[in-house]
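This report describes the inside of one protein model. Please look at the sequence and the structure first.

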Amino acid sequence: MSVNDRRAGGRGGGAGSVVVLGATGFVGRHVCEVFDAAGWRVTGVARSVRGPATPYERAALDVVAAGPDRIAALLDEHAAEVVVNAAGAVWQATEDDMTRANAELVERLVAATAPLAARPRLIQLGSVHEYGPVPRTGITEDTPTAPVTPYGRSKLAGARALLEATAAGAAEGLVLRVSNVSGPGTHRASLLGMVAHHLATSAPEPLRLAPLLAHRDFVDVRDVADAALAAARSDASGRVLNIGGGQATSVRSLVLRLTELAGAAAEIVEAPSAGGRPPEAEWQRMDIGRAERLLGWSPRRSLDDSLRDLLAHARAAVERVPSPGAPNTGSAAHREPLSSALQVVPTSMAVSDHR
């Protein structure tokens, strides 16, 4: 049975069954919602699926710890035609954590699907940090990969595992190499998430950041989810496709725009970090032409829309935190104190269900 034959059997005129790994993470939640809205049978997989009810099915499995046989059984149980890997580790994770979640998981996912009679299409959500620092030119899919961080190296290893398996005929899939992600639910450990939380709480102390010198490519999380859906519907295979905003944007301008949109008088101070660590990439712009040609995809949300929705989500999260003396049922992410001496960190995908 061909890939197209498998997809034709699903709901909604070509929609089928999709399993999303990391379904409770920042990107994974949006991927589940987009596929569900498009009529796919969605199973969201995460280490824990406790929380508000969702219109799609959820399954509890720690895929980072699970072996290929257990993963294969899960995919078979839910008749997976497409698997979107939005699981991984980036924030508050060790290098070993990143290797297990970003590289070894993909290897086991490939091993789990290789013997299946009808292999699901694997869509790996990669990262712009797989490229590493680049000159002031657009990053194409042919740009050499030379990551300089454990996160970038582990994501590249995962991408290569899928691409090599596809080239060898042991898998069928492609890699979406995603730029820095913004929008509702952005993790508080990222730069924009950190600033949005600070503005939402109207904290009296200044927020201290490393100098905001970089220009980076940003894309809204919902546009990333749309790209995953387009990839599931396409016949593109064994390829890397850049998914980004397609422009280099001043990080300082985004922080200033967040403060304007918030209408807050919060003080943000730029100060050199204690070790003088240089930024991972001073300038970054992704060429997204290949995704436009092969997937018919391009970003639809403006950065202003993304920042507004990020702020609205941060304010809603703050409002859910109980008042002093009341039982605290908020998530750990909302209870952690925010340091006033935080550094700029890469605002890449926080796509892990380890948060």
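The largest cavity is lined by Val83, Asn85, Val106, Leu109, Val110, Leu122, Ile123, Gln124 and Leu162. A cavity is a set of points on a 1 Å grid over the protein atoms alone where a 1.4 Å probe fits but cannot get out, and lining residues have an atom within 4 Å of a point. The model is predicted: local features need pLDDT of at least 70, side-chain atom pairs count only at pLDDT 80 or more, and totals for chains, interfaces and linings use all residues. Residues are numbered from 1 along each chain as its sequence is written, and side-chain values use heavy atoms, without hydrogens and water.

The volume of the largest cavity is about 40 Å³, and the whole structure has 1 cavity of 30 Å³ or more. Its lining has 7 nonpolar, 2 polar and no charged residues. The elements below each supply at least two lining residues.

| Element | Residues |
|---|---|
| Strand 4 | 82-85 |
| Helix 5 | 95-113 |
| Strand 5 | 121-127 |

Helices (H or I, at least four residues) and strands (E, at least two) are DSSP runs, numbered from the N terminus.

Two strands pair if DSSP finds at least two bridges between them. Strand 1 (residues 17-21) is joined to strand 4 by 4 bridges, and valine 19 lies opposite valine 83 in strand 4.

Terms used. 1 Å grid on protein atoms, 1.4 Å probe; cavity = no way out; pocket = protein on both sides within 12 Å on 5 of 7 lines; lining within 4 Å. Points joined across faces, edges and corners; volume = space filled by probe spheres on them. Nonpolar A, V, L, I, M, F, W, Y, C, P; charged D, E, K, R; others polar.
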